[in-house]
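Thank you all for coming.

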Amino acid sequence: MTDTHTLDEIAELLALARRPLFITGAGISAASGLPTYRGTGGLYANGLNEEGLPYEDVLSGYMLRTRPELTWRELLRMAQRLAGRAQVNEAHRAIAALPHAVVLTQNVDGLHLEAGSRNVIEIHGNLRELHCTVCTYRRPNEDWQNLPIPPRCPECGAVLRPSAVLFGEPLPPEALTRLDEELARGFDLVFSVGTTSLFPYIAEPVALAASAGIPTIEINPEPTAVSHLVDYRLRGDAAQILPRIVETARSREG
Ligand SMILES: [Zn+2]
């Protein structure tokens, strides 16, 4: 566990920060009981689904266009496995307690917004909304269990899809635009939480901050692609570490 002195130093930086950025991945939800998608114990650890097909093929934009029932069957299984486990935890709440924080998340569970964070860029979209693959119809998706496979648009009859990025698809343009705008405004403190930072758009804000001399902090149980760049490496569970930092920082703000 991280020593109190280091946590105090980071809390001091956070208390002074006007524009902190929190980059988050599946690991922030580990304490909620959500498995991470890849790696040890991951949802897709062996890479194959129940029918022996690679997840990356089944959950791809190409499969949704050509065999939507296969993609939707997998999405439903995924939703069942996650049902009741995708819940806001202390790490989400700690970030949400900072009204000036910007959140860049790879998670599609919508938990940062549910926790009350206001400025959230969901760079991989969100599973809690469905939209039509042809027209502009969209609606919240609260009821995975009762969806037909595949669900269809009530207005035009085309296949509906979750508003989350599937394998092989580009990132949502509006999220990318927001990220560019926020990066242009700049940050004065950058946290990387529960992510291995394998994607360039996730690692880049950390690298930019580090090269500009802006303090950077990583919270993750294991070393990651940005570990060599950051000023502070905290090895552990974000749901335990983040609340301590945020509480101390807020007590210093007075
Ligand atoms: Zn439609």
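**The zinc site**

Let me start with the zinc ion, whose protein donors are C132 (SG), C135 (SG), C153 (SG) and C156 (SG), lying 2.2 to 2.3 Å from it; donors here are N, O and S atoms within 2.8 Å of the metal (3.2 Å for Na, K and Ca), and water is not among the atoms, so sites may look incomplete. Please keep in mind that this is a predicted model, in which local features need pLDDT of at least 70 and side-chain atom pairs count only at pLDDT 80 or more, while totals for chains, interfaces and linings use all residues. Residues are numbered from 1 along each chain as its sequence is written, and side-chain values use heavy atoms, with hydrogens and water left out.

The site is tetrahedral, with angles of 100 to 119° among its four donor atoms; four donors count as tetrahedral if all angles lie between 85 and 135 degrees. Along the chain, the donors follow the spacing C-x2-C-x17-C-x2-C.

Leaving aside neighbours within four places in sequence, C132 is in contact with Y137, C153, C156, A158, V159 and L160, where contact means heavy atoms within 4.5 Å. With the same exclusion, C156 touches C132, V134 and C135.

The UniProt record, an unreviewed entry, places the feature "binding site" at C132, C135, C153 and C156. Although spread over 25 residues of sequence, these positions cluster in space, the largest C-alpha distance being 8.5 Å. UniProt positions are given in the numbering used here, feature names are shortened, and annotations may be inferred rather than shown by experiment.

**The annotated active site**

For "active site", UniProt lists H124, again in an unreviewed entry. H124 sits in the loop between strand 3 and strand 4 and is buried, with a relative accessible area of 12%. Not counting residues up to four places away in sequence, H124 touches T105, Q106, V108, A164, V165, L171, F199 and Y201.

**The sheet and its helices**

Turning to the sheet, six strands form an open arrangement in the order 3-2-1-7-8-9, with parallel pairing; two strands pair if DSSP finds at least two bridges between them. Strand 3 (119-122) and strand 9 (232-234) are the edge strands, each pairing on one side only. From one strand to the next, the twist averages 15°, with axes taken as lines fitted to C-alpha atoms, for helices over the stretch in contact, and angles running from 0 to 180 degrees between N-to-C directions.

Three bridges join strand 8 (residues 216-219) to strand 9, and E218 stands opposite R233 in strand 9. Helix 9 (residues 238-253) packs on the sheet, touching strand 1, strand 7, strand 8 and strand 9, and its direction makes about 145° with that of strand 8.

How values were computed. Tetrahedral: all angles 85-135°; square planar, octahedral: opposite > 155°, others 65-115°. Helix = DSSP H or I, 4+ residues; strand = E, 2+ residues; numbered from the N terminus. Buried < 20%, exposed > 50% of the residue type's maximum accessible area, 1.4 Å probe, protein only.
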